[in-house]
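Hi,

Here is the structure I said I would pass on. Have a look at it first, and then read on for my notes.

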Amino acid sequence: MANRTDIIGSLGKGLQVIEAFGAGQPRLSISDVAAATGLDRATARRCLLTLHDLGYASYDGKFFALTARVLRLGMGTLAAMPLAHLVQPWLEQLSDRIGQSTSVSILDGTEIVYLARAAQRRVMSIGLMPGSRLPVHCTSMGRVLLAALPREQALALIMSSDLTPRTPRSLTDPAEIMARIDAARRDGYAVIDQEVELGLRSIAVPLYSVQGRVIAAINTGVAAVQADAADLVALYLDPLLKVQEGLRRVLQ
């Protein structure tokens with residue numbers, strides 16, 4: 001572990017400021033950033049003006065907003081991750097086989113982050129790509145990733161999540177969500193029925209390393225045209241498990 005003298009505090013504060021922005025708060029004032037990060041106004045102001053000077057933020061005299069330049073930070077990291085390169089050809093083969101879009105994601109706190117994707121057709125109103133984020137509690141990949149954690153840790157993440165319903169079908173009771181996570185742990189897969197977006201269903205399984213550790217999740221998202229969401233198991237579980245088994249031999 002690094003000594004405190006080896007830590008650059010100003011870099012940490014700058015990253016806090018970047019993380020203060022999000023889909024729900026794309027434009028922030030100095031006061032907004034100070035409140036969100038716990039930094040004093042002077043520090044928040046210096047960080048924001050530095051980001052603006054370097055091209056990472058725009059500024060209209062009152063509000064700051066992140067620019068597309070920030071994407072270089074995340075996309076560069078994703079592109080450099082061996083996992084993304086390893087899974088992409090498997091995703092593309094699976095997507096061609098089942099005729100549906102497929103994705104791989106990893107867990108990041110109360111969200112999942114998309115690492116790789118093979119798109120056949122667009123079934124969501126939002127466009128998903130590597131780097132996209134969705135809530136962990138209401139996604140099929142999120143639930144299998146939570147199922148791989150100790151139950152207490154998974155519950156803590158659920159309790160710290162924003163459980164605001166995204167659709168009328170979204171689960172908002174932590175106990176009910178945990179019951180679905182427990183089922184995913186028992187069954188080895190999770191099915192979501194229009195909890196993220198109406199008209200969308202998905203099924204996911206975990207991805208294991210050669211050591212047997214869950215390191216990611218893979219899913220397919222499809223239009224809700226089946227008679228029942230459980231039909232996804234018969235339609236897509238076996239192809240997903242075949243990819244799971246193939247990747248288990250190569251993922252570290």
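Which helix lies across strand 2 and strand 3? That is helix 3 (residues 41–53), and it runs at about 105° to strand 2. Before you go further, please keep in mind that this is a predicted model.

Let me start with the overall layout. The chain splits into domain 1 (9–73) and domain 2 (81–249). The centres of the two, taken over C-alpha atoms, are 31 Å apart.

Three strands make an open sheet in the order 1-3-2, with antiparallel pairing. Strand 1 (27–28) and strand 2 (57–59) are its edge strands, each pairing on one side only. Between strand 2 and strand 3 (residues 64–66) there are three bridges, and Ser 58 has Ala 65 in strand 3 as its bridge partner.

Further along there is a run of hairpins. Strand 7 (residues 190–193) is joined to strand 8 by four bridges, and the two run antiparallel. Asp 193 stands opposite Arg 201 in strand 8. Six residues lie between these two strands, and Gln 194 in the turn has a positive phi of about 60°. Strand 8 and strand 9 (residues 214–223) pair in the antiparallel sense over nine bridges, and Val 205 has Ile 218 as its bridge partner in strand 9. Eight of the nine residues of strand 8 (residues 200–208) are buried, so the rest of the structure largely encloses that strand.

On to the packing. The largest nonpolar core has 25 residues, and Ile 112, Leu 146 and Ile 181 have the most contacts inside it. Two or more residues each come from strand 5 (111–118), helix 6 (140–147), helix 7 (151–159) and helix 8 (174–187). Helix 6 gives the largest share, five residues. Leaving out residues up to four places away in sequence, Ile 181 touches Arg 143, Leu 146, Ala 147 and Ile 158. Apart from this core lies another, of 24 residues, including Leu 91, Ala 116, Tyr 189 and Leu 251.

Cheers

Notes: Residues are numbered from 1 along each chain as its sequence is written. This is a predicted model: local features need pLDDT of at least 70, side-chain atom pairs count only at pLDDT 80 or more; totals for chains, interfaces and linings use all residues. Side-chain values use heavy atoms; hydrogens and water are left out. A nonpolar core is a set of buried Ala, Val, Leu, Ile, Met, Phe, Trp, Tyr and Cys residues joined through side-chain atoms within 4.5 Å. Buried means under 20% relative accessible area, exposed over 50%, partly exposed in between (1.4 Å probe, protein chains only). Contact means heavy atoms within 4.5 Å. Domain bounds come from an automatic or database domain assignment. Two strands pair if DSSP finds at least two bridges between them. Axes are lines fitted to C-alpha atoms, for helices over the stretch in contact, and angles run from 0 to 180 degrees between N-to-C directions.
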